[in-house]
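Opening the notebook on this one. I want to go through a few spots in turn and jot down what I find.

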Amino acid sequence: MTPLEIAANAFTAVAIFLAGRNSVHTWWTGIIGCSLFGILFAQNRLYADVVLQVFFVATSLLGWWRWLRGRQGAPLPVTHAGWRTLAWMVPAGVAATAAYGAILHYYTNAYAPFVDSAVLVFSVIAQLLMMGRRIENWPVWLLVNSIAVPLYASRGLYLTAVLYAAFWVNAVVSWIWWRKLAARESGAAVAPVAHTL
């Protein structure tokens with residue numbers, strides 16, 4: 001364990017906790033954590049994860065703005081993604097995992113290229129869903145965390161593996177919490193209409 005791994009895990013843990021609580025502060029803490037993780041993964045030849053951290057930093061800036069102003073200048077509500085969205089995202093994720101994993105396998109010295117690519121691709125999908133405050137980001141994060149824990153442990157990144165195991169638990173709790181938030185916001189939007197009728 002190095003100071004870099006400890007700092008990356010600390011900032012990312014705070015960011016993930018805040019995301020689960022639907023707090024906009026998840027974004028700036030996440031930017032710091034992802035920047036530190038990018039350096040850590042580069043040192044461990046997990047190149048797909050380095051690319052992922054760059055993506056996270058860029059999309060965190062956009063997600064920060066969308067959560068604050070994404071609904072015609074108002075905060076974005078928590079909603080469902082819908083089956084149509086998920087119907088194309090999942091097959092696209094599998095195809096992208098295979099393609100990127102093959103590139104890493106044949107052209108780099110990457111460790112576990114296909115597993116690493118799965119973490120990258122499905123993290124991208126989860127992040128896109130989270131940027132839109134879609135509830136379904138949490139089951140996708142569950143999948144990512146299930147893959148990431150043994151991957152990071154196999155590289156000796158034990159603190160990171162433990163953190164991702166904690167993320168797994170957080171994703172379950174957050175999934176339940178966001179469903180309640182969506183139901184509450186939906187009820188609040190319907191109530192004034194019902195009252196006027």
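**Asn 145.** I looked up its neighbours first: leaving out residues up to four places away in sequence, Asn 145 touches Tyr 164, Phe 167, Trp 168 and Ala 171. This is a predicted model, so I'm reading computed values throughout. Asn 145 lies in helix α6. Buried or exposed? I get 3% relative accessibility for Asn 145, so it goes down as buried, the cut-off being under 20%.

**Ser 174.** Next I moved to helix α7 (residues 158–196), where Ser 174 has its place. Its relative accessibility comes out at 0%, so Ser 174 counts as buried. Which residues does Ser 174 touch, not counting those up to four places away in sequence? I noted Gly 20, Arg 21 and Trp 138.

**Asn 22.** Then I checked backbone angles. Asn 22 is not a glycine, yet its phi is positive, about 60°. I found Asn 22 in the loop between α1 (3–20) and α2. With a relative accessible area of 17%, Asn 22 is under the 20% cut-off and therefore buried.

**Helix α2.** On to α2 itself, residues 26–43. I count 18 residues there, and the helix reaches 26 Å from first C-alpha to last, close to the 26 Å expected at 1.5 Å a residue. Which of its residues are buried? My list for α2 reads Thr 26, Trp 27, Thr 29, Gly 30, Ile 31, Gly 33, Cys 34, Phe 37, Gly 38, Leu 40 and Phe 41. A reminder to myself for reading such a list: an α-helix has 3.6 residues a turn, so residues three or four places apart point the same way. Just after α2, I noted that Arg 45 takes a positive phi of about 60°.

**Helix α5 and Arg 133.** How many of the 19 residues of α5 are buried? I get 16, so I wrote the helix down as mostly covered. Just after α5, Arg 133 takes a positive phi of about 55°, and this residue is something other than glycine. Arg 133 lies in the loop between α5 (113–131) and α6 (137–154).

Rolling a probe the size of a water molecule over the atoms shows where empty space is left. How many cavities of 30 Å³ or more does the whole structure have? The search finds 1. About 340 Å³ of space lies in the largest cavity. Of the 24 residues that line it, Thr 12, Ile 16, Phe 56, Gln 127 and Trp 141 are the closest to its centre. The elements giving two or more residues to that lining are α1, α2, α3 (47–69), α5, α6 and α7. Which of them gives the largest share? I have α2 down for that, with 5 residues. Sorting the lining by class, I get 16 nonpolar residues, 8 polar and no charged ones.

Definitions and conventions. Residues numbered from 1 in each chain as written. Predicted model: local features only at pLDDT ≥ 70, side-chain atom pairs only at ≥ 80, totals over all residues. Heavy atoms only, no water. Helix = DSSP H or I, 4+ residues; strand = E, 2+ residues; numbered from the N terminus. Expected span 1.5 Å × (residues − 1). Buried < 20%, exposed > 50% of the residue type's maximum accessible area, 1.4 Å probe, protein only. Contact = heavy atoms within 4.5 Å. 1 Å grid on protein atoms, 1.4 Å probe; cavity = no way out; pocket = protein on both sides within 12 Å on 5 of 7 lines; lining within 4 Å. Points joined across faces, edges and corners; volume = space filled by probe spheres on them. Nonpolar A, V, L, I, M, F, W, Y, C, P; charged D, E, K, R; others polar.
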